[in-house]
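Dear colleague,

Please find below the structure that I am handing over to you. My findings follow directly after it.

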Amino acid sequence: MTLTVGKALDRLCGADAPFHVVAYDGSTGGRPDGLVIRLLTERGLNYLLTAPGMLGMARAYLMGDLLIDEMNEGDP
């Protein structure tokens, strides 16, 4: 059985995390009713895994590898 990005993030963050991830490979993870985070590239996944927490997320976002639905870009 192949481990998808969505399932891997469920293992890392927990399936009850307050967000819903939609990954570049078409997989999803997290709570279906949570804030939608779109992981667009493998590079973005690399940022999240090598610098866990806000630093990795900020890197992925600034490089355009991660989008957060309904986020006010003027006041993230």
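In this predicted model, a polar atom of the His20 side chain lies 3.3 Å from the backbone oxygen of Gly29. His20 belongs to strand 1 (residues 19-23). With a relative accessible area of 15%, His20 counts as buried, because the cut-off for that term is under 20%. Leaving aside neighbours within four places in sequence, His20 is in contact with Thr28, Gly29, Gly30, Arg31, Pro32, Gly34, Leu35, Val36 and Ile37.

I turn next to helix 1. This helix spans residues 5-13, and Val5, Gly6 and Leu9 are buried in it. Seen down the axis of helix 1, its buried residues fall within an arc of 100°, so they line one face of the helix. Their cover includes strand 1, strand 2 (28-30), strand 3 (35-39) and helix 2 (42-50). After helix 1 comes Gly14, which has a positive phi, near 95°.

In soluble globular proteins, nonpolar side chains tend to be buried together. Here the largest nonpolar core has twelve residues, among them Val5, Leu9, Val21, Ile37, Leu48 and Ile68. Two or more residues each are given to this core by helix 1, strand 1, strand 3, helix 2 and strand 4 (66-68). Helix 2 supplies the largest share, three residues. Not counting residues up to four places away in sequence, Val5 touches Ala23, Tyr24, Asp25, Ser27, Leu39 and Leu45.

With kind regards

Methods
Residues numbered from 1 in each chain as written. Predicted model: local features only at pLDDT ≥ 70, side-chain atom pairs only at ≥ 80, totals over all residues. Heavy atoms only, no water. Helix = DSSP H or I, 4+ residues; strand = E, 2+ residues; numbered from the N terminus. Buried < 20%, exposed > 50% of the residue type's maximum accessible area, 1.4 Å probe, protein only. Polar contact = N/O pair within 3.5 Å; in protein donor to acceptor, adjacent residues only side chain to side chain. Contact = heavy atoms within 4.5 Å. Arc of directions from axis to C-beta. Core = buried A, V, L, I, M, F, W, Y, C linked by side-chain atoms within 4.5 Å.
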